[in-house]
Amino acid sequence: NPEVQLRYLKNRLVVTRQVRFLPGKEESIDLLLSVNGLPVATVELKTPLTGQTVKDAIKQYRDRDAKAKLFQFKRRAVVHFAVDPELAYMTTRLAGKATHFLPFNRGCDGGAGNPAHPGGHSTAYLWQEVWDRDSFLDILGGFAFVEVQEQDGKKKETLVFPRYHQLDAVRKMVADARDLGPGHNYLVQHSAGSGKTKTIAWLAHRLASLHNAQDVKLFDSVVVVTDRRVLDKQLQDAIYQLDHKQGVVQLIDQHSDQLATALEKGTPIIVTTLQKFPYVTQKVAELPGHTYAVIVDEAHSSQTGESARTMKEVLAAPSLEAAAEQEDGGQGDDYEDRITQVMQSRGPQKNLSFFAFTATPKGKTLEVFGRPGADGEPTAFHLYSMRQAIEEGFILDVLANYTTYKTYYGLVKAIEDDPDVPKHKAQAKLARFMSLHPHNLAQKTEVMVEHFPRNVRQRIGGRAKAMVVTASRLHAVRYKQAFDRYLAEKGYADIK
């Protein structure tokens with residue numbers, strides 16, 4: 001559209017130095033980025049030459065008056081950057097000492113930070129890439145948005161600005177899909193703490209409107225597949241909030257006819273469940289004149305189908321021993337395995353591009369969806385590693401500081417003298433009985449629950465959670481019951 005292009009070119013992006021933001025006061029911000037006279041980003045720059053680092057920039061922001069017009073939430077600047085030659089951080093809301101900054105770094109050798117830049121500062125990607133005219137207008141128009149969430153009956157608003165790896169992943173996948181067209185696979189290995197839900201939402205919207213160099217629309221529909229029977233509300237909300245136009249996003253949580261109609265008429269974004277994934281690939285094969293992008297959400301172990309049946313059988317077992325034997329006998333289908341089985345059974349489909357998100361891909365997943373790396377081995381298209389997430393403070397390293405809980409118990413069975421019981425089987429059964437004994441569970445429950453508020457909850461900005469890893473589904477249920485009893489007895493209403 002020539003008229004739209006002409007209007008786009010008229011946008012004026014200006015960088016202003018040392019901007020005073022309080023009338024009658026000398027205090028100033030190092031850089032102000034504005035679009036058509038509207039302030040959209042502020043930047044504090046620090047250099048070791050003056051003995052200051054990015055930490056000093058962050059402190060400076062936290063000490064500033066958040067009520068100053070330039071910093072008012074949703075009214076003036078969208079994002080605030082703290083930058084030194086090595087590192088960059090950002091926030092979208094100043095709140096005094098409680099201001100939370102997120103890293104905005106590229107990652108270095110699988111960890112946090114930035115690699116050395118051949119032409120100068122390690123943070124040069126900010127002005128050379130991110131703040132580039134077209135890039136920055138793209139972020140403001142297609143990435144930044146206000147997220148509204150319900151918490152305890154109240155609405156909480158968050159201004160979302162993409163982290164670097166989210167921006168990088170979405171742009172690289174979109175560029176590759178534009179160049180190669182449909183019929184290709186993408187494996188996105190993003191750790192917990194990566195903001196995967198929003199990355200998927202941004203990618204879905206980009207792919208739904210993607211055109212190639214000849215201005216031909218590449219995908220008739222984008223299908224987002226999640227493994228939860230009750231579709232992930234967080235994922236739904238993120239996708240819906242990016243585009244308020246009626247009919248852009250359709251939720252398929254019922255019969256396959258509904259899904260078939262959406263695929264045939266080319267609904268821009270379709271959100272559905274793993275159970276309908278085989279049907280999606282079958283239907284896509286029947287519509288060779290249409291093209292589709294399928295995005296598969298995090299490869300959790302599936303809570304549906306065979307897996308759920310196995311769990312119900314285990315929990316309904318007449319005894320702990322019977323349940324343990326059933327548990328040993330069948331672990332159910334794994335989410336990743338089911339996806340790869342479906343893809344392998346159908347083979348490559350020229351009208352289907354597949355985007356798989358997983359934190360820890362299995363070897364088979366890498367084979368099916370990975371791309372050959374420098375060594376010829378299959379590798380992920382984009383990586384945000386667990387190490388980087390740990391070093392950036394989004395998840396905790398569970399191996400960094402652990403304490404073992406030694407279990408003491410006595411067994412009064414003369415295993416050696418009983419030829420009818422194979423020694424290793426008897427030991428396994430006795431050990432399992434011991435680990436499920438109510439007294440032992442109660443003791444461990446007390447240790448874990450009391451440890452949580454003292455040592456864990458205050459971490460990651462007061463949002464840390466604790467994970468209990470058990471030997472079986474049955475153990476998981478027993479611990480859940482023991483936790484609920486203990487929390488009720490102690491009156492811990494703020495821990496669930």
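Me: What covers the buried residues of helix 2?

Reply: The cover includes strand 2 (28-35), strand 3 (38-45), strand 4 (79-83) and strand 5 (88-91). Contact here means heavy atoms within 4.5 Å. Please note that this is a predicted model, in which local features need pLDDT of at least 70 and side-chain atom pairs count only at pLDDT 80 or more, while totals for chains, interfaces and linings use all residues. Residues are numbered from 1 along each chain as its sequence is written, and side-chain values use heavy atoms, with hydrogens and water left out.

Me: And how are helices and strands defined?

Reply: They are DSSP runs numbered from the N terminus: helices are H or I with at least four residues, strands are E with at least two.

Me: Which residues of helix 2 are buried?

Reply: In helix 2 (residues 54-63), Val54, Ala57, Ile58 and Tyr61 are buried. Buried means under 20% relative accessible area, exposed means over 50%, and partly exposed lies in between (1.4 Å probe, protein chains only).

Me: Where on the helix do the buried residues of helix 2 lie?

Reply: Seen down the axis, they fall within an arc of 100 degrees, so they line one face of helix 2. The arc is taken from the directions from the helix axis to the C-beta atoms. An α-helix has 3.6 residues a turn, so residues three or four places apart point the same way.

Me: How many residues of helix 1 are buried?

Reply: The count is zero among the eight residues of helix 1 (residues 2-9), which is hardly covered. At the start of helix 1, a side-chain oxygen of Asn1 reaches to within 3.0 Å of the backbone nitrogen of Glu3.

Me: Changing topic: in what order do the seven strands of the open sheet run?

Reply: The order is 11-12-10-13-14-9-17, and the pairing is parallel. Strands pair if DSSP finds at least two bridges between them. Strand 11 (249-251) and strand 17 (382-384) are the edge strands, each pairing on one side only.

Me: How many bridges join strand 10 and strand 13?

Reply: Strand 10 (residues 221-226) and strand 13 (residues 292-296) pair over five bridges, in the parallel sense. Val222 has Ala293 in strand 13 as its bridge partner.

Me: What does helix 5 touch on the sheet?

Reply: Helix 5 (residues 164-180) touches strand 9 (185-190), strand 14 (352-358) and strand 17, and its direction makes about 175 degrees with that of strand 9. Axes are lines fitted to C-alpha atoms, for helices over the stretch in contact, and angles run from 0 to 180 degrees between N-to-C directions.

Me: How many salt bridges are there?

Reply: The count comes to 18, a salt bridge being a side-chain nitrogen of Lys or Arg within 4 Å of a carboxyl oxygen of Asp or Glu. One of them joins Glu27 and Arg64, with the closest N and O atoms 3.1 Å apart. Glu27 lies in the loop between strand 1 (13-20) and strand 2, and Arg64 in the loop between helix 2 and strand 4, so the pair ties together parts that are 37 residues apart in sequence.

Me: Is Arg64 buried or exposed?

Reply: Arg64 counts as buried, at 4% relative accessibility, whereas Glu27 counts as partly exposed, at 36%. Glu27, Glu44 and Arg64 are linked in a network of salt bridges.

Me: Which residue does Asp168 meet in a salt bridge?

Reply: Asp168 meets Lys172 (3.1 Å, N to O). Both lie in helix 5, four residues apart, about one turn of the helix.

Terms used:
A polar contact is a pair of N or O atoms within 3.5 Å; within protein, one must be able to donate a hydrogen and the other to accept it, and residues adjacent in sequence count only if both atoms are side-chain atoms.
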